[in-house]
Number of protein chains: 2
Amino acid sequence: MAEESKKGAAGQDFVKEITARSVDFSRWYIDVIRKADLVDYAPVRGCMVIKPGGYAIWEKVQEGLDRRFKATGHRNAYFPLFIPESFVQLEKEHVEGFAPELPWVTEAGGEKLTERLAVRPTSETIICSMYAKWIQSYRDLPMLLNQWCNVVRWEKRTLPFLRTSEFLWQEGHTAHRTAEEAEEETIRMLRVYQDFVENDLAIPVIPGLKSDKEKFAGAVRTYSIEAMMQDGKALQAGTSHFLGQNFAVPFNIQFLDADGQLKYVWQTSWGLSTRIIGALVMVHGDDRGLVIPPRAAEIQVVIVPIAPVKERGNVLAEVGKVVAELREVARVHVDDDEEHSPGWKFNEWELKGVPVRLEIGPRDLKAGQAVLVRRDTGLKEAVPLTQLKGRVVETLADMQSSLLAKARRRLEEQTTTAGSYDEFKQVIEDRRGFVVAGWCGDAACEAKVKEETGATIRNLPLDQPADAGACLVCGGKAKHQAYFARAY
Amino acid sequence: MAEESKKGAAGQDFVKEITARSVDFSRWYIDVIRKADLVDYAPVRGCMVIKPGGYAIWEKVQEGLDRRFKATGHRNAYFPLFIPESFVQLEKEHVEGFAPELPWVTEAGGEKLTERLAVRPTSETIICSMYAKWIQSYRDLPMLLNQWCNVVRWEKRTLPFLRTSEFLWQEGHTAHRTAEEAEEETIRMLRVYQDFVENDLAIPVIPGLKSDKEKFAGAVRTYSIEAMMQDGKALQAGTSHFLGQNFAVPFNIQFLDADGQLKYVWQTSWGLSTRIIGALVMVHGDDRGLVIPPRAAEIQVVIVPIAPVKERGNVLAEVGKVVAELREVARVHVDDDEEHSPGWKFNEWELKGVPVRLEIGPRDLKAGQAVLVRRDTGLKEAVPLTQLKGRVVETLADMQSSLLAKARRRLEEQTTTAGSYDEFKQVIEDRRGFVVAGWCGDAACEAKVKEETGATIRNLPLDQPADAGACLVCGGKAKHQAYFARAY
């Protein structure tokens, strides 16, 4: 055991500044994201500043998704921030859905503009206007593009990462020759999101179809992946839309098919945003702060040298050797700051969620070992330096998979089946979580649930049972099995 | 020699659609960037759409710079797009410089805003407002942040990549304890730009100090790297600013120093944008299209199988083996499209600037070879398949360094020394390029040159001679040696 690891007193105080999850989950969330330096409030209504710790997670999201997008044949492009008002108006449902949230540029370069420009809330309209130029023949299809950018939706009630007026995201926009091909793409990208979110972020999700009421403004069908937070509220973590020809017709995106016929394309769009950072915090965090899955961690291993002044030189020299070796297999940071005590540092790096901490002091070096502490379990072990590299690799891999397993167990525990509507109301009120129940498909039953319980249909899971039973509300024959929950 | 490489007829026609550089360099530029699919005009005044081919170059710029920024201790963050009008007003010179170009959001969420929001033209003001909160003690310094984002400057006359109303860039913003440290940072990042632009993009540059007239609005000193295009016009490729305390004072960014005194921080900012893509085109392109340096190329090697129908299966199987081997050392694309002739493909990939083309046909395979064609020189050679991997690596490395060497020779040829102001005027009019001359430091002499010749002081190179001689205009003692040129 490392020499100074008992001296946690100062650190204990520090940790107490975070509200316990059991006391107030919302306050816990705000405490963690601010104290762990992920985000700050901006002096612009409803906007946030993503601090380096938060942005580093976003960079891992970008890497993980971008690699998968390219592997499935997509390329990146960039379209303008501003969308002329006449474009926004072209797709009727789309404009109705987004108009209330749009910011408008009305003056620029010292003059009043003749046509107002919307700041993009999403880019279907501007991209469709270009696709109409670019797509002429079936040989130009499929068109598989993605864009990494900022978007703005003027929100009344905001929460950092989860709902802010400006946020960062990627938006994929594809055009296809047939409806079947576009539908396949819609599901393919939903599965790409699921694969990334589960395997890299260790967040288990339910992939499924949104109800008509909850679908994207302008889509024929919207699919989502839904995650479950520790407080029993669901969070939509990514969406993939089958747009049909809803944009192709008003934007006149036609191609000459091999049969000599002029046809409208079939389209999809799909997006995942900085909201996922909030999900990562709320799924894995604990009362000591963030817990970051190794694949999403900017720093995977932090080394805290524990060195009395006179032995500092020796210890740092040995630590230098360890670092050189570990950097071959992990992202390593050495905290050799002289201002703070080891105890303070332990707490600071736990707050920041670094997966593995190594403590190395003179006595450890004499014993030819380091003390390895794992963030998720808190387990400590002395590891011989000769085995350290292998043990770090094992620990990171194990932590990655056990975080997913743990979150999956919790998701299962938080998922119940309602025998009756009364039971459903009780569960939503007391335990929250997902309630799986039948739904007849009628919007009236869906609305009643929302009004009476605050829960919504999160989605109709892709894996449907042969018989969905009876509708939770009206008792009629259920068309679908649905996941209900209160949601962020 | 590959079987079908003679059949270039269709392709020759294709190439003719590009205006020759000698005929009209501006038209050549527009032809190349549009026909090579780098960019398109957007239906929003002064904005561009960056197509996948152009965005792929930007991704290489991002990778190359981001790696260097992190290696020099910087981290990424993200600040809001919108800046309240009161913030913009705080630094006097800054607002005077940028106000004429700002777009304003005046309505959002269905309501008129009480305070107008500028769409960021650069982020000094919003970032300084956060630094004032974040920086309390000397222990918080240096603050070394960078942001990748879009910015908007409402431009009257636009040219894709070089000058558009919206563009992508990175902006570094740092705060330091002392003026010396901030000045060191300013030069360090200028040298980072130089290193990246010269070594990755093969564009030689002149690093130097801008004159007061040409400096960034709000800076104490602005440094730039200046590149020279094939038409003899200069292009500012990146800037690094020493901001002194010009923002720290109005934004009240103070820290408690180790001596117990409250002091204002010293700041820098530095930016490089999608404009660099235009520079890359104008420095390396030729009458056949783009020439992309291997390190900046999305596709480094394109393989064109040349297969009569009955031998197609065999040829593609062999090509598959070659690809598997080459992918270990290069970014490889196989163009096995059946619609176009090999000749068409050769021209298409030359237009797109892919560094190395490999032609593989049945006769080549029988001879155990492939034909390697290098984009910059057009040289063809038959390479035994057993040596192909090594030869590709060598060719890419050689092309990277010889593009820089070639551009450097041209830069030297395009740089002249003026004996008199009359001679200077003649050179600027006839040959263009850089003219190196003495400058007394008087703004009147600088203004006279601009008015009479259209040339400006690009910068005062960091490497100054012991004696700068006489001022080009007034004949008085020169304080600096200056690089003059007409510029984009």
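Predicted model: local features only at pLDDT ≥ 70, side-chain atom pairs only at ≥ 80, totals over all residues.
Begin with both chains in view.

Next, select the interface. On the chain B side 42 residues are in contact with 42 residues of chain A. Which element of chain B gives the largest share of this side? Strand S5(B), residues 103–108, does, with six residues. Coloured by class, the side of chain B that touches chain A shows 27 nonpolar, six polar and nine charged residues. Of the interface residues of chain B, 100% are also interface residues in chain A, so the copies meet through the same surface.

**The domains of chain A**

Domain 1 covers 25–284, domain 2 covers 299–401 and domain 3 covers 415–485. Between the C-alpha centres of domain 1 and domain 2 of chain A the distance is 40 Å. Where these two domains of chain A touch, four residues of domain 1 are in contact with four residues of domain 2. On the domain 1 side of chain A, that contact has two nonpolar residues, one polar and one charged.

**Two packed helices, H3(A) and H8(A)**

Select residues 52–71 of chain A, which form helix H3, and residues 275–284 of chain A, which form helix H8. Two packed helices are described by the angle between their axes and the distance between the axes. Here the angle is about 105° and the axes are 10 Å apart. H3(A) is therefore roughly perpendicular to H8(A).

Show the side chains at the crossing. From H3(A) come Gly54(A), Ile57(A), Trp58(A) and Val61(A), which meet Ile276(A), Ile277(A) and Leu280(A) of H8(A). By class, the residues of this contact are six nonpolar, one polar and no charged.

**Leu38(A)**

Move to Leu38(A), in the loop between helix H2 (25–35) and strand S1 (39–41) of chain A. Is Leu38(A) buried or exposed? Leu38(A) counts as buried because it has 27 C-beta neighbours inside 10 Å, where 20 or more are needed. Leaving out residues up to four places away in sequence, Leu38(A) touches Ile33(A), Lys51(A), Gly53(A), Gly54(A) and Ile277(A). Gly54(A) and Ile277(A) take part in the contact of H3(A) with H8(A) as well.

Select residues 124–134 of chain A, helix H6, in which eight of the 11 residues are buried. Those buried in H6(A) are Glu124(A), Thr125(A), Ile126(A), Ile127(A), Cys128(A), Ser129(A), Met130(A) and Tyr131(A).

Follow the chain into the loop between H6 and strand S7 (143–152) of chain A, where Pro142(A) lies. The peptide bond from Leu141(A) to Pro142(A) is cis, with omega near -5°. Bring chain B back and go to Pro142(B), in the loop between helix H6 (124–134) and strand S7 (143–152) of chain B. Leu141(B) and Pro142(B) are also joined by a cis peptide bond, with omega about -5°.

**Two positive phi angles**

Two loop residues are next. Asn252(A) is not a glycine, yet its phi is positive, about 55°. Look for Asn252(A) between strand S11 (234–244) and strand S12 (254–256) of chain A. Asn252(A) counts as partly exposed, with 13 C-beta neighbours inside 10 Å.

In chain B, select Ala202(B), in the loop between helix H7 (179–199) and strand S9 (206–209). Ala202(B) has a positive phi of about 60° and is not a glycine either. Ala202(B) counts as buried, with 27 C-beta neighbours inside 10 Å.

**Last stop, Arg27(B)**

Finish at Arg27(B) in helix H2 (residues 25–35) of chain B. Arg27(B) is partly exposed, having 13 other C-beta atoms within 10 Å. From Arg27(B) to Gln62(B) the separation is 35 residues in sequence and 28 Å in space, C-alpha to C-alpha.

Methods. Residues numbered from 1 in each chain as written. Chains lettered and ligands numbered in written order. Contact = placed C-beta atoms within 7 Å. Domains from an automatic or database assignment. Nonpolar A, V, L, I, M, F, W, Y, C, P; charged D, E, K, R; others polar. Buried ≥ 20, exposed ≤ 12 C-beta atoms within 10 Å, placed from the backbone. Helix = DSSP H or I, 4+ residues; strand = E, 2+ residues; numbered from the N terminus. Axes fitted to C-alpha atoms, helices over the stretch in contact; angles between N-to-C directions. Parallel < 35°, antiparallel > 145°, perpendicular 65-115°, else oblique.
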